[in-house]
Amino acid sequence: MNKIGIYYAYWTHDWDADFHPFIDKVAALGFDILEVNAGTIAHMTSEERQSLKAHADDRNIILSHCIGLPHEYDIASEDKAVWENGIAYLGKIAEAIGEMGGGNLSGIIYSSWPATMPEGETDKRPYVERSVASMKKAIKAAEDNNVIFNMEVVNRFEQFLMNTCDEAIAYVEAVDSPNAKILLDTFHMNIEENFIGEAIHKAGDKLGHLHIGENNRMPPGYGHIPWTEVSAALRRINYQGYVVMEPFLMPGGEVGRDIKVFRDMSVDLELDDEARKALLFIRGVLK
Ligand code: MN
């Protein structure tokens, strides 16, 4: 059975947060994993990280880490100072995760988020090539710190470098490191892939992490994602990795703004109850 997690920002309006209460919360709800913001982890002191890790261990919770790199860390940038800054930042995050025993770093770590193709550009290949060249350098920090970098395939409205699983496969093959893998997300796949199950199957052993969410980012169980197809494809590739849900229901704050939640989708819903229900639903789907 895959370990199942949830992203802390389901409950927050800001990206920066104290993760300690969420360790207790997700443990009480029955989850195996709390996914946290890697930027916050990178900016903690070593003592703070040790304390967080000890708390997670105590509650039997695994921490996974996610980030969409801010523009000043865009490793696909034409500006040498920016891509160098990005490589250094990925190194800092990898070391921080390494201090906590290693783990994964997932998200838009191959460029920045959100981003669209610059005005006047028609060919993204130079951006992809710069990103691969930078990632080949950055991945060494992952290798040295027992960290897997999972490249998140996202839809066209959030990024332009990697919108399909095929593009991600080509990217990780070019990076050519056992620590470079793919993150697929059902919310994004619903927009970009011809067939969700087929995309998962193609990723195969390169699939390092899975985000699950409905087409409208409601908790799994509310929308029209083909969960039996997802489950069958995961079984076919013998996926043993983490499955982390990322529902977003609340407008407002940094999270509501960046995720573009423009209506209150939590009306009449109790967030903890919904998380518990979604966990039961997804355990049923994946069994
Ligand atoms: Mn995601």
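This section describes the metal site, the nonpolar core and the backbone geometry of a predicted model.

The manganese ion is held by four protein residues, namely Glu152 (OE), Asp185 (OD), His211 (ND1) and Glu246 (OE), at distances of 2.1 to 2.2 Å. Along the chain, these donors follow the spacing E-x32-D-x25-H-x34-E. His211 belongs to strand β7 (residues 207-212), while Glu246 is placed in the loop between β8 (243-245) and α10 (253-259); the pair therefore ties together parts that are 35 residues apart in sequence. His211 and Glu246 are both buried.

The largest nonpolar core comprises 103 residues, and Met135 and Phe149 have the most contacts inside it. Helix α4 (residues 80-99) gives the most to this core, contributing 8 residues. When neighbours within four places in sequence are set aside, the residues in contact with Phe149 include Leu90, Ala94, Leu105, Ile109 and Met135, as well as Asn179, Ala180 and Lys181.

Most residues other than glycine have a negative phi, and most peptide bonds are trans. The peptide bond from Trp113 to Pro114 is cis, with omega near -10 degrees, and Pro114 lies in the loop between β4 (103-108) and α5 (125-144). Asn146, which is not a glycine, has a positive phi of about 60 degrees and is located in the loop between α5 and β5 (147-152). Asn146 counts as exposed because its relative accessibility is 54%. Arg217 likewise has a positive phi, near 65 degrees, and is found in the loop between β7 and α9 (227-236). With a relative accessible area of 9%, Arg217 is buried.

Terms used
Residues numbered from 1 in each chain as written. Predicted model: local features only at pLDDT ≥ 70, side-chain atom pairs only at ≥ 80, totals over all residues. Heavy atoms only, no water. Core = buried A, V, L, I, M, F, W, Y, C linked by side-chain atoms within 4.5 Å. Buried < 20%, exposed > 50% of the residue type's maximum accessible area, 1.4 Å probe, protein only. Helix = DSSP H or I, 4+ residues; strand = E, 2+ residues; numbered from the N terminus. Contact = heavy atoms within 4.5 Å. Donors = N, O, S within 2.8 Å, 3.2 Å for Na, K, Ca; no water.
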